[in-house]
Amino acid sequence: MTEIQTKLALVRDALAEAGLAGLRLRGVDGFAWATGGGDSAVLLTDEAGVAEVLVTETDAFVLTDAIEAPRLAAEVVPAGFTLWHAPWQAPEAREAFVRDAAQGGPVASDRPLADEHPLPDALVRARRRLLP
């Protein structure tokens, strides 16, 4: 398996173990980990970038604004991920997409908001281990 396939399998195992429907990685660190080194940062002082990763039981997405989508598609989004975008002025579209992709189930995040859960312990540990 490739690095990304291995990480997606780790995420999906952690989701199943914790009874979660999805995982959002908003931080530039989590984004880089999940995408095998992808960079979502624009402002170097921000913890969250212009894109995030969403992983469900069956799919993996990079979510971003329409203005960033062409650059991310060309430079960052790895095989195994689908790029999703919406206008920057419509954040509710992203939230609706996440709810639909997770089929209304619980979602965890590295930077949880509102009703999101923190990262499962198994995933925290997995992110600390180096892969070949």
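User: Where does D46 lie?
Analyst: This is a predicted model. In it, D46 belongs to the loop between α2 (28–34) and β2 (48–56).

User: Is D46 buried, partly exposed or exposed, and why?
Analyst: D46 is partly exposed, because its relative accessible area is 37%, and that class lies between the cut-offs of 20% and 50%.

User: How many Å separate the C-alpha atoms of D46 and F97?
Analyst: The two C-alpha atoms are separated by 24 Å, and the residues are 51 apart along the chain.

User: Now the sheet. What is the order of its strands?
Analyst: The sheet is open and has six strands, in the order β4-β3-β2-β1-β5-β6, with mixed pairing. The edge strands are β4 (82–86) and β6, each of which pairs on one side only.

User: What about β1: how many of its residues are buried?
Analyst: Strand β1 covers residues 22–27, and six of its six residues are buried.

User: And which way does β1 run against β2, parallel or antiparallel?
Analyst: β1 and β2 run antiparallel and are joined by five bridges. Within this pair, L25 stands opposite V53 of β2.

User: How does β1 pair with β5?
Analyst: That pairing is parallel, with three bridges between β1 and strand β5 (residues 107–109). Here G22 stands opposite V107 in β5.

User: Which residue in β4 is the bridge partner of L63?
Analyst: The partner is W84. Strand β3 (residues 60–65) pairs with β4 in the parallel sense, over five bridges.

User: Which strands does helix α4 lie across?
Analyst: Helix α4 (residues 91–101) lies across β1, β2, β3, β4 and β5, and runs at about 170° to β3. Helix α1 (residues 3–18) lies across β1, β2 and β3, at about 65° to β2.

User: Changing topic: where is D110 found?
Analyst: D110 is in the loop between β5 and β6 (117–118).

User: Why does D110 count as buried?
Analyst: D110 counts as buried because its relative accessibility is 15%, and the cut-off for buried is under 20%.

User: What does the side chain of D110 make a polar contact with?
Analyst: One partner is the side chain of R111, at 3.1 Å.

Technical notes. Residues numbered from 1 in each chain as written. Predicted model: local features only at pLDDT ≥ 70, side-chain atom pairs only at ≥ 80, totals over all residues. Heavy atoms only, no water. Helix = DSSP H or I, 4+ residues; strand = E, 2+ residues; numbered from the N terminus. Buried < 20%, exposed > 50% of the residue type's maximum accessible area, 1.4 Å probe, protein only. Pairing = 2+ DSSP bridges. Polar contact = N/O pair within 3.5 Å; in protein donor to acceptor, adjacent residues only side chain to side chain. Contact = heavy atoms within 4.5 Å. Axes fitted to C-alpha atoms, helices over the stretch in contact; angles between N-to-C directions.
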